[in-house]
Amino acid sequence: MGSASPRDHLMKLLEPVVSAEGLDLEDITVTQAGKRRLLRVIVDRDGGVSLDDVADVSQAVSAALDDDDSMGQGAYTLEVSSPGVDRPLTEPRHWRRAAKRLVKAELRNGTVVEGRIMAADEGGVELDVAGAAHRLDYEDLTRGRVQVEFRRFDDDVDGDEG
């Protein structure tokens, strides 16, 4: 494996496998759980990930791991899932996939802006902050976090107030 870390090796091995299933590989973690290891593979795509998608990619990842022997001979558990709401927004695709969601955006200058994502492209994101549009370039952002809402912005499509 050379100087690449085990995680880097797994990312390089599994990225094309996950991509072939039409998904993006977001992250991989390996943690010790007693005598076993837990390999957690996080996948996503525009429009979200279904249970069938998770099952299909789990089989493909498992086959690739068996062929490569990256996890060695010891027992491990494979867990494939989509990112949770607490995943930081760090890539343009993360911001795009969170369209219409309320977020807190941390800027490089130390300020924090809270607003609703109205649009996102490869250069930046447009937030509605208290009714005013604000364009933030990704180079000015460190990360964002989706805020949990009990009633989402798009839940009120028919104009009912209560």
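## The surroundings of His94

Leaving aside neighbours within four places in sequence, His94 is in contact with Glu26, Arg87, Pro88 and Leu89, where contact means heavy atoms within 4.5 Å. The model is predicted, so local features need pLDDT of at least 70 and side-chain atom pairs count only at pLDDT 80 or more, whereas totals for chains, interfaces and linings use all residues. Residues are numbered from 1 along each chain as its sequence is written, and side-chain values use heavy atoms, with hydrogens and water left out.

His94 lies in helix α3, which covers residues 92–97. Helices and strands are DSSP runs numbered from the N terminus (helices H or I, at least four residues; strands E, at least two). With a relative accessible area of 4%, His94 is buried; the term buried means under 20% relative accessible area, exposed means over 50%, and partly exposed lies in between (1.4 Å probe, protein chains only). The side chains of His94 and Glu26 are joined by a polar contact of 2.7 Å. A polar contact is a pair of N or O atoms within 3.5 Å; within protein, one must be able to donate a hydrogen and the other to accept it, and residues adjacent in sequence count only if both atoms are side-chain atoms.

## The chain as a whole

The protein chain contains three helices and eight strands. From the N terminus on, its elements run α-β-β-α-β-α-β-β-β-β-β. Its C-alpha atoms fill a box of roughly 55 × 40 × 30 Å, taken along the principal axes.

Of the 162 residues of the protein chain, 29% count as buried. Among contacts between residues at least 6 apart in sequence, 51% join residues at least 24 apart.

## The packing of α1 and α2

Helix α1 (residues 6–20) and helix α2 (residues 51–68) pack at an angle of about 135°, and their axes are 10 Å apart. Axes are lines fitted to C-alpha atoms, for helices over the stretch in contact, and angles run from 0 to 180 degrees between N-to-C directions. The two helices α1 and α2 are therefore oblique to each other; angles under 35 degrees count as roughly parallel, over 145 as roughly antiparallel, 65 to 115 as roughly perpendicular and the rest as oblique.

On the α1 side, the contact is made by His9, Leu10, Leu13, Leu14, Val17 and Val18, and on the α2 side by Val57, Ala60, Val61, Ala64, Leu65 and Asp68. One of these residues, Leu10, is buried at 3% relative accessibility. Not counting residues up to four places away in sequence, Leu10 touches Ile28, Val30, Leu39, Leu65, Ser70 and Met71. The C-alpha atoms of Leu10 and Thr77 are separated by 15 Å, with the two residues 67 apart along the chain.

Arg116 belongs to strand β5 (residues 112–120) and is buried, with a relative accessible area of 13%. Its side chain reaches the backbone oxygen of Lys100 at 2.9 Å. Lys100 is found in the loop between α3 and β4 (102–107) and is partly exposed, with a relative accessible area of 42%.

Lys100 has a phi near 75°, a positive value in a residue other than glycine. Ala130 also has a positive phi, near 55°, and is likewise a residue other than glycine. Ala130 lies in the loop between β6 (124–129) and β7 (132–137), and at 84% relative accessibility Ala130 counts as exposed.
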